[in-house]
Number of protein chains: 4
Amino acid sequence: MANIPQQFASDNYAGICPEAWAALQAANDGSSVAYGNDDWTIRAADGLRALFESDAQVFFAFNGTAANSLALASLCQSYHSVICSSSAHVETDECGAPEFFSNGSKLLVAPTPDGKLTPQAIRDLAISRSDIHFPKPRVVTVTQPTETGLVYTPDELKAISATCRELGLKLHMDGARFAHACATLDCAPADITWRAGVDVLCFGGTKNGMAVGEAVLFFDTALSEDFGYRCKQAGQLASKMRFLAAPWVGMLESGAWLKNAQHGNACAKRLAAQIEPLTGVGLMFPVEANAVFLRAPEAVLQGLRDRGWLFYTFIGGGARFMFAWDAKVERIDELAADIRSLV
Amino acid sequence: MANIPQQFASDNYAGICPEAWAALQAANDGSSVAYGNDDWTIRAADGLRALFESDAQVFFAFNGTAANSLALASLCQSYHSVICSSSAHVETDECGAPEFFSNGSKLLVAPTPDGKLTPQAIRDLAISRSDIHFPKPRVVTVTQPTETGLVYTPDELKAISATCRELGLKLHMDGARFAHACATLDCAPADITWRAGVDVLCFGGTKNGMAVGEAVLFFDTALSEDFGYRCKQAGQLASKMRFLAAPWVGMLESGAWLKNAQHGNACAKRLAAQIEPLTGVGLMFPVEANAVFLRAPEAVLQGLRDRGWLFYTFIGGGARFMFAWDAKVERIDELAADIRSLV
Amino acid sequence: MANIPQQFASDNYAGICPEAWAALQAANDGSSVAYGNDDWTIRAADGLRALFESDAQVFFAFNGTAANSLALASLCQSYHSVICSSSAHVETDECGAPEFFSNGSKLLVAPTPDGKLTPQAIRDLAISRSDIHFPKPRVVTVTQPTETGLVYTPDELKAISATCRELGLKLHMDGARFAHACATLDCAPADITWRAGVDVLCFGGTKNGMAVGEAVLFFDTALSEDFGYRCKQAGQLASKMRFLAAPWVGMLESGAWLKNAQHGNACAKRLAAQIEPLTGVGLMFPVEANAVFLRAPEAVLQGLRDRGWLFYTFIGGGARFMFAWDAKVERIDELAADIRSLV
Amino acid sequence: MANIPQQFASDNYAGICPEAWAALQAANDGSSVAYGNDDWTIRAADGLRALFESDAQVFFAFNGTAANSLALASLCQSYHSVICSSSAHVETDECGAPEFFSNGSKLLVAPTPDGKLTPQAIRDLAISRSDIHFPKPRVVTVTQPTETGLVYTPDELKAISATCRELGLKLHMDGARFAHACATLDCAPADITWRAGVDVLCFGGTKNGMAVGEAVLFFDTALSEDFGYRCKQAGQLASKMRFLAAPWVGMLESGAWLKNAQHGNACAKRLAAQIEPLTGVGLMFPVEANAVFLRAPEAVLQGLRDRGWLFYTFIGGGARFMFAWDAKVERIDELAADIRSLV
């Protein structure tokens with residue numbers, strides 16, 4: 001069966017990268033105990049702890065919807081609330097999953113033109129109400145990089161976490177493309193997580209080159225109490241866990257987790273560089289990770305569609321292009337050429 | 001990394017079978033659209049419809065916990081109840097998942113010495129209470145084969161579904177090892193599902209030779225309304241869905257779904273045949289699928305453990321052995337020899 | 001124990017009106033069967049059906065939080081969404097109750113400067129997304145009168161319900177002060193409920209002069225299936241139901257339900273009439289029910305507080321005053337005089 | 001409207017006792033702040049703290065379903081479990097409310113012939129499973145007096161709480177008829193609650209002579225964190241809270257809480273004394289509180305029904321009679337005479 005010509009509508013249009021595949025293959029040799037008591041799972045968790053220079057508690061979930069929703073549910077009760085950006089994936093694209101997993105926690109949405117939360121926006125929401133008729137703020141969630149492709153610096157995160165601490169809020173990071181932020185900042189994963197005050201990270205494996213599987217890291221291990229039960233009850237404990245864990249081993253031990261992200265970022269820069277000189281179109285946001293948001297007249301967008309390009313459209317007429325580990329340079333240049341010819 | 005010598009503690013100790021693996025590999029060639037709008041997913045759903053001679057609505061979930069819990073939740077509201085056997089996996093081994101996904105539906109447990117529900121047991125529970133202070137029975141769930149390794153015949157299922165219809169109950173089938181029942185009965189899948197009155201089937205892929213992935217089939221398609229949203233919200237919509245779907249294509253098109261089950265069943269028979277002549281030990285249940293429940297004194301069980309065998313112990317001193325697609329005859333014979341020598 | 005001097009911060013600062021009290025007293029004579037199978041409950045439900053000229057299914061809940069949340073939960077599943085005004089009580093003052101009772105239904109908030117939903121606002125939200133990653137719109141809720149004290153006319157409601165029908169949405173009415181809308185419009189209750197296309201009404205008793213108790217009326221009786229179980233499970237079935245029901249009998253049979261509302265409305269008009277001539281202060285919204293929203297500089301508001309007045313402050317510096325069945329004319333004039341002297 | 005001749009089917013067939021009524025009337029004089037910030041609520045909470053010689057955190061809920069379910073939900077997460085007796089009201093008569101409020105916590109039911117939990121029964125259930133596939137035991141709930149009308153002594157409770165502490169379990173008491181236990185034991189409320197190791201008590205007001213209203217007392221105040229939000233979100237915060245609180249003031253300050261219970265207990269003894277000499281019928285359980293369980297042939301029970309008596313039938317052919325504050329001696333003797341004449 002033929003798949004489709006490469007597209008940049010989403011980085012989950014990509015398949016499994018060679019390093020993850022090789023580990024999958026190795027893990028498929030023979031029998032293994034189930035439910036995460038196998039060596040692959042231990043090795044993956046240890047690998048993550050080593051990468052983060054931390055004794056974090058590590059769990060694996062099938063996808064980001066579940067990883068983020070379970071993590072948030074573990075940080076708050078149903079009558080608490082979660083502060084997020086108006087473009088946060090948990091608010092815009094999870095079909096109410098955080099509310100479902102938490103049995104009712106409300107998301108408090110900060111208007112954020114560029115998708116980045118700020119200490120001030122957090123404070124404004126957190127202190128806007130303190131009566132019993134409104135769910136008590138308990139958690140802040142930031143997406144790193146943001147859904148708009150921007151990256152929080154370590155200092156920005158430290159300022160956010162300081163505000164959280166002051167206001168009694170926990171800090172959660174949706175890291176669906178966390179590796180891309182590390183690649184951009186050229187920093188240690190610890191620098192933008194626990195060293196910057198993040199309590200819990202959901203580290204995305206799927207968009208990084210795996211088939212399925214996200215890691216949840218509790219840097220404040222007290223917060224992870226009974227989290228394994230939570231995963232099990234919520235349908236997120238894989239019986240053949242080795243197939244979720246092994247690809248992580250492959251990614252971590254080979255360095256592919258970072259290499260893949262560097263490639264995606266470079267591809268975004270490549271497209272951006274070809275868009276910037278053009279008139280009539282432009283970039284909606286600075287390109288800091290693996291996303292390019294093209295601002296263009298509808299005629300241009302329609303022209304791209306007519307030439308077979310797939311993409312999501314965004315706020316006020318933009319098109320999003322995302323670059324995965326397998327993005328081909330020639331195909332990016334084809335896209336750039338098509339944009340150029342349509343302007 | 002080495003996995004472990006083959007064990008029969010669970011059929012999810014096995015890896016991915018060659019036919020599923022080949023499809024996984026084929027699916028990994030290039031780009032694909034996400035969230036189940038790809039050709040692999042369509043082909044898998046069509047393949048299941050063909051196998052079941054039905055226009056069923058088909059969905060895929062990551063694991064059995066979720067597949068069964070979501071299916072049950074779609075059939076009842078929080079104040080309804082679900083009738084099941086006392087050995088039903090949903091009651092004994094899902095950490096409250098059905099209650100979680102349904103937001104509170106209670107399981108009404110029928111005492112069933114051999115794990116099989118009967119029309120009478122269903123009726124007794126269904127009519128035991130009709131006041132508003134007790135959750136209203138709405139669904140019956142049967143496991144085929146049962147957790148004890150027994151198989152419902154088409155006639156038994158028809159009798160159950162007739163009782164369900166009479167009492168206004170829907171009929172759900174937990175088919176974690178559904179293929180093994182088909183292999184035992186040598187019947188069409190339709191004969192023990194919709195033709196016998198089953199409304200919804202969860203067809204297990206994991207124990208049949210896949211890495212992850214269960215299929216949910218709604219034979220009464222009206223019951224599937226908005227089920228896709230339910231899956232998404234509950235963290236069960238895979239972004240790279242092709243990797244859940246393609247193995248199904250491989251299993252169905254190659255016939256491995258049935259061949260694997262036949263092998264597992266034959267292995268169970270092989271072990272049982274070597275146990276039956278022995279004195280002091282015996283079979284707890286007739287061997288009708290891929291499970292053998294060994295009744296044995298604790299000394300024998302401990303002896304097996306001492307020789308390195310892994311297994312779950314069961315009601316009153318039994319040991320469960322389960323046989324997957326990859327069970328090796330020599331290893332079964334080793335186990336049989338060890339039992340023999342310990343008696 | 002002394003209560004406080006009369007205040008207009010909320011209409012639930014008032015006690016039980018004489019007609020409700022008399023019925024409570026009558027109901028307290030002797031024994032009665034429990035859980036709503038008593039004559040008082042039947043008589044109250046019949047009385048509501050007569051008032052609404054409808055064979056509606058009628059249920060009673062303890063308070064408005066529960067009545068509205070249970071009604072909404074009965075109209076949607078966890079992955080559906082509810083369209084409401086940005087000033088809707090269910091959004092702003094229920095601590096996430098609708099999300100809790102529905103296990104995750106999201107509220108989609110239409111920006112409504114004056115608190116009134118419009119067909120256009122509903123349509124915009126309802127068609128903004130149709131993908132599986134966003135909860136499917138299923139219900140519209142309007143508050144009659146609105147939280148801003150405005151009243152929907154029958155024609156406005158008909159236009160809204162026509163839009164709902166077209167888009168496949170159910171229409172729920174939060175009638176915490178429903179009687180006040182009837183008093184304002186001088187119309188039959190049916191004219192602004194089922195005749196205008198409302199499916200379910202929560203008719204507030206507490207703010208109308210009772211101690212506790214709201215009625216939920218399902219005009220589309222098919223929607224009420226098993227709603228009694230829902231109430232029971234959610235802790236809203238009173239054992240001594242007669243004490244919730246009897247006050248309704250007293251209110252309905254005496255006409256107090258309307259008389260009380262007329263009084264509250266007249267009181268609001270009285271205060272408004274004394275504010276309108278003043279300069280420097282004004283009305284934030286037209287006075288159409290029993291609420292007055294005073295726009296005034298902070299110095300004036302502080303002056304009122306200093307003189308012992310209690311009130312809620314609102315968007316951009318306003319003060320809300322609400323008038324219940326027991327509002328005393330002299331006390332209103334005291335308030336007006338204080339405002340006047342502070343301007 | 002006529003209520004019915006006195007019946008003993010349930011103690012919630014009784015109305016509001018004079019002391020509660022008088023307080024209700026006093027509370028209805030004038031205005032009061034809402035949502036529990038009024039003086040009546042403070043006075044009721046203080047009165048309960050004085051009665052219990054404790055600085056407990058006190059909350060009020062509308063009914064027992066909600067009080068117990070919210071208390072249990074505050075003690076466990078959805079993947080935890082609650083150990084209870086097989087005759088516990090939370091298991092048999094709450095339509096799945098504990099599962100609903102907790103979003104899925106499972107009740108682990110100990111078979112208890114007489115309705116009383118024992119340290120051994122608790123231990124057996126608590127240690128029966130410790131794997132992640134089964135909800136982790138977290139709370140024990142006892143009903144005092146039991147649903148069978150038996151009373152736990154302080155020593156029995158201390159033994160239970162010692163087991164709880166050892167096993168890491170919290171101890172909750174469903175005190176729907178708590179006053180009756182105090183009356184039977186002639187002990188201080190503290191003796192059978194916090195002094196005996198109870199963490200949370202739901203103290204029933206309805207069956208003690210009020211219209212609605214139960215008190216939740218957290219003796220371990222750390223466990224009550226944000227419980228007010230929980231009540232609000234779950235529809236259990238009364239706007240006119242004074243009408244829930246004032247009857248408590250009336251009951252506590254007058255001593256009616258105990259007097260009513262003593263009367264109910266004495267009535268049960270009176271009926272029991274007339275049953276005991278009879279042959280062919282008998283008592284199912286010792287009479288220790290305000291319940292009598294009559295063991296009698298179906299012909300006798302039907303004879304009672306034919307003479308107009310209402311009652312619930314119980315395990316194996318028994319009839320339950322419950323005596324409230326208003327039970328009339330002559331009416332009890334009528335019942336006894338009817339039983340006698342039917343034997």
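C:Asn103 counts as buried at 3% relative accessibility, where buried stands for under 20% relative accessible area, exposed for over 50% and partly exposed for what lies in between, with a 1.4 Å probe and protein chains only. C:Asn103 is found in the loop between α5 (97–102) and β3 (106–110) of chain C, helices (H or I, at least four residues) and strands (E, at least two) being DSSP runs numbered from the N terminus. This is a predicted model, in which local features need pLDDT of at least 70 and side-chain atom pairs count only at pLDDT 80 or more, while totals for chains, interfaces and linings use all residues, and side-chain values use heavy atoms, with hydrogens and water left out. Residues are numbered from 1 along each chain as its sequence is written, and chains are lettered from A and ligands numbered from 1 in the order in which they are written.

**Confidence**

- The model scores ipTM 0.97 and pTM 0.97.
- Chain A has a mean pLDDT of 96, and 99% of its residues reach 70 or more; pLDDT is the predictor's confidence in each residue, from 0 to 100.
- Where pLDDT is low, the predicted coordinates should not be read in detail.

**Backbone geometry**

- Most residues other than glycine have a negative phi, and most peptide bonds are trans.
- C:Asn103, although not a glycine, has a positive phi of about 65°.
- C:Glu53 is likewise not a glycine and has a positive phi, of about 50°; this residue lies in the loop between α2 (39–52) and β1 (57–61) of chain C and, with a relative accessible area of 44%, is partly exposed.
- In chain A, the peptide bond from A:Gln144 to A:Pro145 is cis, with omega near -10°, and A:Pro145 has its place in the loop between β4 (136–143) and α7 (154–167) of that chain.
- In chain D, a cis peptide bond joins D:Gln144 and D:Pro145, with omega about -10°, and D:Pro145 sits in the loop between β4 (136–143) and α7 of chain D.

- Two packed helices are described by the angle between their axes and the distance between the axes.
- In chain B, helix α11 (residues 256–275) and helix α13 (residues 329–342) pack at an angle of about 25°, with their axes 10 Å apart; the axes are lines fitted to C-alpha atoms, for helices over the stretch in contact, and angles run from 0 to 180 degrees between N-to-C directions.
- That angle makes α11(B) roughly parallel to α13(B), since angles under 35 degrees count as roughly parallel, over 145 as roughly antiparallel, 65 to 115 as roughly perpendicular and the rest as oblique.
- The crossing of α11(B) and α13(B) is right-handed, a term used if the near helix is turned clockwise from the far one by less than a right angle, with left-handed used if anticlockwise.
- On the α11(B) side, B:Cys267, B:Arg270, B:Leu271, B:Gln274 and B:Ile275 meet residues of α13(B) that include B:Val329, B:Ile332, B:Asp333 and B:Arg340, contact meaning heavy atoms within 4.5 Å.
- The residues of this contact of α11(B) with α13(B) divide into 8 nonpolar, 1 polar and 3 charged, where Ala, Val, Leu, Ile, Met, Phe, Trp, Tyr, Cys and Pro count as nonpolar, Asp, Glu, Lys and Arg as charged, and the others, Gly among them, as polar.
- In chain C, the axes of helix α11 (residues 256–275) and helix α13 (residues 329–342) come within 10 Å and cross at roughly 25°, which makes α11(C) roughly parallel to α13(C).
- α11(C) passes α13(C) in a right-handed crossing, and the residues of their contact divide into 8 nonpolar, 1 polar and 3 charged.

**Individual residues and their surroundings**

- B:Gly209, found in the loop between β6 (200–204) and β7 (214–218) of chain B, counts as buried at 0% relative accessibility.
- Not counting residues up to four places away in sequence, B:Gly209 touches A:Lys240 as well as residues of chain B, among them B:Gly15, B:Cys17, B:Met251 and B:Trp325.
- A:Ser224, placed in the loop between β7 (214–218) and α9 (227–233) of chain A, counts as buried at 8% relative accessibility and touches A:Gln57, A:Phe59 and A:Phe218, not counting residues up to four places away in sequence.
- D:Glu156, in helix α7 (residues 154–167) of chain D, counts as partly exposed at 30% relative accessibility.
- D:Glu156 and D:Thr118 are 38 residues apart in sequence and 7.9 Å apart in space, C-alpha to C-alpha.
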